[in-house]
Amino acid sequence: AAEEGLIKTNPCAIKGAGKPEPKREGVALNIGELGVYVAALDRQALPLLLLVWCSKRSGEIRALRRMDARPDGSAITITRTVSRIGTGRDRHWHYGPPKTKASEQTVAVPPHLQSTLRDWIEAHPGDPEGLLFPAQDHTSPIDSDVLLRAHHKAAAACGHPEMTVHDLRRTGATVTALATAPEGV
């Protein structure tokens, strides 16, 4: 009503509402720190590298099927996400759409990761509907705890033990922006 001029002011307006303060400052690694992070990764490197360089969420990468990755490693298509829900013995995997409609997209894999992804696909053949990064049982998605252990080790190695997996998206966006910025900016 206030926007349409029917009333002078909105009686329900609360100053600062809808703009919560972040609980923590996010971390974005610089190129040198990212190099140390990558060097400290173990066999879980590829999913974490895709988190960085494709700026995707953990559940989106863990839900990838073989058919979601181009055989040449040039792109991945995000169509779903996975999470673990429930408690105790009632925990199970839940597949659903990505967090936002904008996340449903085909994303280019940077040239320096394409051969790594292609090699992974070739080394792990199987059903196109099968997971690209399965757990040891070959049917469940890789658990976030597995990625977290690898991430925490690498984050500590690069001097940012407080960095979250979600911060890898921030790092990817920052590195991409720096790499594509006009010279002198």
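1. A residue counts as buried when its relative accessible area is under 20%, as exposed when over 50%, and as partly exposed in between (1.4 Å probe, protein chains only). This is a predicted model, where local features need pLDDT of at least 70, side-chain atom pairs count only at pLDDT 80 or more, and totals for chains, interfaces and linings use all residues. Residues are numbered from 1 along each chain as its sequence is written, and side-chain values use heavy atoms, leaving out hydrogens and water.

2. Now the two ends of helix 5. At its start, a side-chain oxygen of Asp143 comes to within 2.9 Å of the backbone nitrogen of Asp145. Just after the helix, Gly159 has a positive phi of about 85 degrees.

3. How many residues of helix 2 (residues 45-53) are buried? Nine of its nine are, among them Pro47 and Trp53. Ser55, which follows helix 2, also has a positive phi, near 50 degrees.

4. Not counting residues up to four places away in sequence, Leu50 touches Ser55, Lys56, Ile61, Val109, Leu113 and Phe133 (contact means heavy atoms within 4.5 Å).

Conventions
Helices (H or I, at least four residues) and strands (E, at least two) are DSSP runs, numbered from the N terminus. A polar contact is a pair of N or O atoms within 3.5 Å; within protein, one must be able to donate a hydrogen and the other to accept it, and residues adjacent in sequence count only if both atoms are side-chain atoms.
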